[in-house]
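Please read the following report alongside the sequence and the model.

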Amino acid sequence: MTNVKPQIPRVVPQREASPCDRLFAGRLPGIRVYGKSQDGEPVPFRRIDLAPTPAAFGGGRQPAIFLADVTGPFGEGDGTGSPRRRTRPAPGSPTQYEAAKAGVITPEMSFVAERENLRRDALIEELAAIGNPKAKALYERSAKAKRFTPEDVRALVAAREAVIPLNFRHPEAEPMAIGRAFATKVNANIGTSSISKDWHEEIGKLREALFCGADTVMDLSTGAHIVETREALLRSSPVPVGTVPIYEALERAGKPEDLTWEHFRDVMEAQAKQGVDYMTIHAGVLRDHVALTKDRLTGIVSRGGGLLAAWMHAKREENFLYLHFDEILEIARRYDVTLSLGDGLRSGSVHDGCDKAQFAELKTLGELNRRAAEAGVQVMIEGPGHIVLPKVELNQQLEDEWCSRAPFYTLGPLVTDMGAGYDHITAAIGGALIGAAGTAMLCYVTPKEHLGLPDAADVREGMAAFRIAAHAADLARGIPGADLRDLAMSSARFEFRWNDQFALSVDPARAAAFHDETLSGSGAREAHFCSMCGPQFCPMKLARDLFD
């Protein structure tokens, strides 16, 4: 296949790790290191150096574990730098899908392959160097699991089973892929509302989301300062940024019934020019589908779906996004904006889940995906809302069938309606299950879901729950190398390497704080027990003694 010669971004020279580098503000484990893509482009990772096995348990050095690092400038040095700007093609160039279909391996595809492989080549080298037979036996199988090549990435993008959402005009973003063959991604929603006090707070939310591992962020801002908020996020974000253009279109129109195609077109064009990487487009909400929601318990709960339903009711006309979809495709193709075909009729209660309205829209999204393919535009499919556990997998199966295995991007799904204040848990349960069935990206839900606008603390809670759900899905799908972190954590747990356990956790600062609350003092982190069972009744110690 053909390779496009990239222009390589500047690499910040590595320096000796200082104590503060071990945990940036208690949040980021390890130190920033770089691998290199096949084209020589630097790809960031977190290197987690593990302590040796204590002599009491046989001793022996442990290899480092590598994790993806999405924090960009926020996770390097003092965190005040600017993102590296990658060289990007001009608008109107071939999209990632068009390049893949033509057999061209882009620099972005090479970057994705390196990132998804989690530096397992370096792990294999370390296993050989440290001379620890026990560690080699533990890690070697996973370390040598299938590695992605740039050609693998190209083939999946060409087959429309993966997308690389990266606008030609967002040079600050690092390439990433969304598709079932890759690690399950997590999106964090941020953004202002009409009652927000200071739009500058969104940069703090972006930082929080990245520190918690968000693979993409969506700016769902409404009210004043939409353009300024989005510009600040785009110029600061090392991950893809998504939007819902109809929100800003409504701000321009004033009322749903006053919306026009021209409002939407102008907003979409402006957002694409700014650099938005993917956009939720509710083009599958048709008049006949809306009629099917009449007897629902909770009606229409998608903001975009509700706006369009109100517009169609007032105008007695078909959805203008459906009627003008070819023009939407022209804008998306020009800037390589990935379309996230929206689930405007997703269910807002388990009572309404998997009804005729939801599935009628999903079938229409399949039709729109096929039209997008003809136009050279990348597509994700959104779904499905509130769904009882036994029907979660069905939604993935139908999306595969009707939407040709396009990457599925789901909100939850929430598996019960009674979790107010804890809906990040109800949604993470459904997210793990649908991720195991093949969903490519999960949209996080925070504890404030259904209750209010989340703050930075809510972002942290929601991201932790969904990073766990996504990782559980990766284990279930057998994503190569996914279990390395679990193997390292279990080994550290059995050997009471407390600091390693903290570093390998989803939230190192919280894990350390919980431990230290009940077992503190100078030797607490070297103790071979925790406060739960104490020194006399630790079952892991008792089990070890059986064979000593």
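Leaving aside its neighbours within four places in sequence, Ile381 is in contact (heavy atoms within 4.5 Å) with Leu341, Leu362, Leu365, Asn369, Glu399, Cys403, Ala406, Pro407, Phe408 and Tyr409. This is a predicted model, in which local features need pLDDT of at least 70 and side-chain atom pairs count only at pLDDT 80 or more, while totals for chains, interfaces and linings use all residues. Residues are numbered from 1 along each chain as its sequence is written, and side-chain values use heavy atoms, with hydrogens and water left out.

Ile381 also belongs to the largest nonpolar core, which has 95 residues, and it is listed with Phe264, Ile328, Leu339 and Phe466 among those with the most contacts inside that core. A nonpolar core is here a set of buried Ala, Val, Leu, Ile, Met, Phe, Trp, Tyr and Cys residues joined through side-chain atoms within 4.5 Å. Buried means under 20% relative accessible area, exposed means over 50%, and partly exposed is in between, with a 1.4 Å probe and protein chains only. In soluble globular proteins, nonpolar side chains tend to be buried together.

## The barrel

Eight strands close into a barrel in the order 10-11-12-13-14-15-16-17, and their pairing is parallel. The twist from one strand to the next averages 25 degrees. Helices (H or I, at least four residues) and strands (E, at least two) are DSSP runs numbered from the N terminus, and two strands pair if DSSP finds at least two bridges between them. Axes are lines fitted to C-alpha atoms, for helices over the stretch in contact, and angles run from 0 to 180 degrees between N-to-C directions.

Helix 14 (residues 325–335) lies across strand 13 and strand 14, and it runs at about 140 degrees to strand 14.

## Strand 10

How many residues of strand 10 are buried? Six of the six residues of strand 10 (residues 185–190) are buried, so this strand is largely enclosed by the rest of the structure. Lys185, Asn187 and Asn189 point one way from strand 10, whereas Val186, Ala188 and Ile190 point the other way.

Strand 10 has a parallel partner in strand 17 (residues 441–443), to which it is paired over three bridges, and there Val186 stands opposite Leu442. Strand 10 also runs parallel to strand 11 (residues 216–219), joined to it by four bridges, with Thr216 of strand 11 as the bridge partner of Asn187.

## Helix 4

In helix 4 (residues 120–130), the residues Arg120, Ala122, Leu123, Glu126, Leu127 and Ile130 are buried. They cover an arc of only 145 degrees around the axis, which puts them on the same side of helix 4; the arc is that of the directions from the helix axis to the C-beta atoms. The exposed residues Glu125, Ala128 and Ala129 are carried on the face turned away from the buried side of helix 4.

The buried residues of helix 4 pack against strand 5 (42–48), strand 6 (65–68), helix 5 (133–143) and helix 19 (484–494). Gly131, which follows helix 4, has a positive phi near 65 degrees.

## Backbone details

Most residues other than glycine have a negative phi, and most peptide bonds are trans. A cis peptide bond joins Gly383 and Pro384, with omega about -25 degrees, and Pro384 is found in strand 15 (residues 379–386). The peptide bond from Gly412 to Pro413 is also cis, with omega near 5 degrees, and Pro413 lies in strand 16 (residues 408–414).

Arg160, a residue other than glycine, has a positive phi near 65 degrees. Arg160 sits in the loop between helix 6 (150–158) and strand 8 (162–163), and at 12% relative accessibility it counts as buried. His450 is not a glycine either, yet its phi is positive at about 75 degrees; His450 is found in the loop between strand 17 and helix 18 (456–477) and is exposed, with a relative accessible area of 52%.
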